[in-house]
Amino acid sequence: MSIRRTSRKRVLIFAEAVTLAHVARPHVLAGLLPSAAYEVCVARDERYERLFGSRLAYGTTRIHSIPTEQFLRALEDGQPVYQPDSLRGYVEEDLQVIGKFDPDLVIGDFRLSLSISCRLAGKPYVSLANAYWSPYARPRYRVPELPIVKWMGYRLGQTAFDLIRPLAFAMHCRPLNVVRRKYGLPSLGHDLRQVYTDADHVFYADLPELVPTYGLPANHH
């Protein structure tokens, strides 16, 4: 990863490798930025490196992501996918990479720790997210394949999920809020959509016709 300052704007893109989508989108975006105007680096876990090859028009550096199996198991069990210790480790690693590359802009795809790291580093931050996680969308959240569905059936499971979803979202928000408090930052509240989209700007990786949004503020695109 180059640390030599050039006249080009420097863009550091974090890919959280818990799923392929969160790695593929940063690589696509990095490839779209013209090299004449931008010096780009993608920070990624090594698990998907073979899919993208080594002859890239932009730089890369390694970061750690929790194992995909751990991520999927937490989703299956309805538990928070990150714990405070993991997020604190992410923040420390984020700050090291940001300090070394010294970007003009940081972009992250599901790297939730960046809502802390970029504030601490004083760097503008863009979050890539799906529009159904927007506070300004109105999706119908369908019950996941949780054990409760096998026991109650889909219809009753959906009804139960609709009732407990706000509490479940609040539980998933807690780890990041705990770490934010450690670094002197305010809580993001109990709406998981706020946690997923806390950034200076939010880029939604969906067609507007696919997931309509309503009353978007100027920094949501």
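F101 is found in helix α4, which covers residues 84-101. Helices (H or I, at least four residues) and strands (E, at least two) are DSSP runs, numbered from the N terminus. The model is a predicted one: local features need pLDDT of at least 70, side-chain atom pairs count only at pLDDT 80 or more, and totals for chains, interfaces and linings use all residues. Residues are numbered from 1 along each chain as its sequence is written, and side-chain values use heavy atoms, with hydrogens and water left out.

Is F101 buried or exposed? F101 has a relative accessible area of 2%, so it is buried; buried means under 20% relative accessible area, exposed over 50%, and partly exposed in between, with a 1.4 Å probe and protein chains only. In sequence F101 and V40 are 61 residues apart, while in space the separation is 9.6 Å, C-alpha to C-alpha.

The helix that holds F101 lies across β1, β2, β3 and β4, and α4 runs at about 160° to β1. Such angles run from 0 to 180 degrees between N-to-C directions, and the axes are lines fitted to C-alpha atoms, for helices over the stretch in contact.

These strands belong to an open sheet of 6 strands with parallel pairing, in the order β3-β2-β1-β4-β5-β6. Two strands pair if DSSP finds at least two bridges between them. At the edges are β3 (59-62) and β6 (201-204), each of which pairs on one side only. On average, neighbouring strands of this sheet are turned by 20° against each other, direction ignored.

Strand β1 (residues 9-15) is largely enclosed by the rest of the structure, because 6 of its 7 residues are buried. To β2 (residues 38-44) it is joined by 6 bridges, and the two run parallel. Within this pair, L12 stands opposite C41. The chain passes from β1 through α1 to β2 in a right-handed β-α-β crossover, which means that, with the strands pointing away from the viewer, the path from the first strand over the helix to the second runs clockwise.

β1 also pairs with β4 (residues 105-109), in the parallel sense over 5 bridges, and there A15 has D109 as its bridge partner.

Where do the nonpolar residues gather? The largest nonpolar core has 22 residues, and Y82, F110 and V195 have the most contacts inside it. A nonpolar core is a set of buried Ala, Val, Leu, Ile, Met, Phe, Trp, Tyr and Cys residues joined through side-chain atoms within 4.5 Å. The helices α3 (68-77), α4, α7 (154-182) and α8 (192-196) each supply at least two residues of this core, and the largest share, 4 residues, comes from α7. Apart from this core lies another, of 19 residues, among them F14, F101, Y125 and Y204.

Conventions: Contact means heavy atoms within 4.5 Å.
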